[in-house]
Amino acid sequence: AMKVLAKMLLVGATLAAALTGTRATCSAGSLRGARVLVTGASTGIGEQLAYCYARLGAQVVITARRENVLQQVARRCAQLGAQKALYVTGDMATTSDPSRVVKFAVDELGGLDYLVLNHIGRYSFSPWSGDVHHVRGLMEVNFLSYVQLASAALPSLEKSKGSIVVVSSLLGEFPTPFTAPYTATKFAVNGFFCTLQHELAMRSSDVSLTISILGLVDTESAMEKVRVVPYPAGEAALHVVRAGSLRQKESFYPWYTHLVCLVRDWCPFFRDVIIQKVATQDTPGGWT
């Protein structure tokens, strides 16, 4: 059985390399002057996304909850070359804020070319305690606000033949222990926006929709939860920017995320044994 699994992994690795190893790169000119709204941009991947777009000469609006941090990020974006670097505070747990944030970006930039959905709410790496209220609140931030933002931005994106870029997670494709509320939100995000991809294509819309599946990236929120080697947030952000500019339907970073998605259902027994073993080792104090 292990030999069969090894062969399957080898085939999966070959397929992953073939599908992801020959991506083109985006040029600076392709994003110069582009009107971009990035959510969750005060820290982590969102902050790095803002800097990537700034270096490419885009017009950037960033949003998050903390105004003092947004001011610093916007200032840095201007230093890096953004044609415009604006910010608007917004709490995505408040149902009126997503549409307000989009309106601000459209009004200030005169339209919108890219909506980059990246923000997430806080969650703990622990067994589910039965707290339904927390699940509902996280779903509001991590999923429903994405739907609201996309709904509010679509009219402007239709006019500009623009793009929606969704930053998602491997946990939305491959569930693991101790992440139930967060994983549920990412499955919802992937399901909704994959369906929306079909519907946009069926009505011959010029709006592209990219879903970027990310593995463990070196951000403060991620490193509070696990003890494994992460991949650089700056590289992850560049990957997302490139995928969106190339109007890819989906992208995977780092390389192993695509491999995991390809082979996840081949040997479910061994898959689950490995996941549970690793999760037990990574949980402080073990799983009892």
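## Close-up views of a predicted model

View 1. Helix 4 covers residues 97–109 and lies across strand 1 (35–39), strand 2 (59–64) and strand 3. Its direction runs at about 155° to strand 3. The model shown here and in the other views is predicted.

View 2. The 7 strands follow the order 3-2-1-4-5-6-7, and their pairing is parallel. Strand 3 (84–89) and strand 7 (250–253) are the edge strands, each pairing on one side only. From one strand to the next, the twist averages 15°.

**View 3. Strand 6 pairs with strand 7 under helix 8's contacts.** Strand 6 spans residues 208–214 and is joined to strand 7 by 4 bridges; the two run parallel. Ser-212 has Ser-251 of strand 7 as its bridge partner. Helix 8 (residues 233–245) packs on the sheet. It touches strand 4 (114–117), strand 5 (163–169), strand 6 and strand 7. The direction of helix 8 makes about 155° with that of strand 6.

**View 4. Helix 2 is largely enclosed.** Helix 2 (residues 44–55) has 12 residues. From first C-alpha to last it reaches 17 Å, close to the 16 Å expected at 1.5 Å a residue. Of its 12 residues, 10 are buried, so the helix is largely enclosed by the rest of the structure. Among the buried residues are Glu-47, Leu-49, Tyr-51, Cys-52 and Tyr-53. Gly-44 and Gly-46 are buried too. Just after the helix, Gly-57 takes a positive phi of about 80°.

**View 5. Strand 2 is buried along both faces.** Gln-59, Val-61 and Thr-63 point one way. Val-60, Ile-62 and Ala-64 point the other way.

**View 6. Strand 2 pairs with strand 1 and strand 3.** Strand 1 and strand 2 pair in the parallel sense over 5 bridges. Here Arg-35 stands opposite Gln-59 of strand 2. Strand 2 and strand 3 also run parallel, joined by 6 bridges. Ala-64 stands opposite Thr-89 in strand 3.

**View 7. Two right-handed crossovers include strand 2.** Strand 1, helix 2 and strand 2 make a right-handed β-α-β unit. From strand 2, the chain crosses through helix 3 (residues 67–80) to strand 3. This β-α-β crossover is right-handed.

Key
Residues numbered from 1 in each chain as written. Predicted model: local features only at pLDDT ≥ 70, side-chain atom pairs only at ≥ 80, totals over all residues. Heavy atoms only, no water. Pairing = 2+ DSSP bridges. Axes fitted to C-alpha atoms, helices over the stretch in contact; angles between N-to-C directions. Contact = heavy atoms within 4.5 Å. Expected span 1.5 Å × (residues − 1). Buried < 20%, exposed > 50% of the residue type's maximum accessible area, 1.4 Å probe, protein only. Right-handed = clockwise from strand over helix to strand, strands pointing away.
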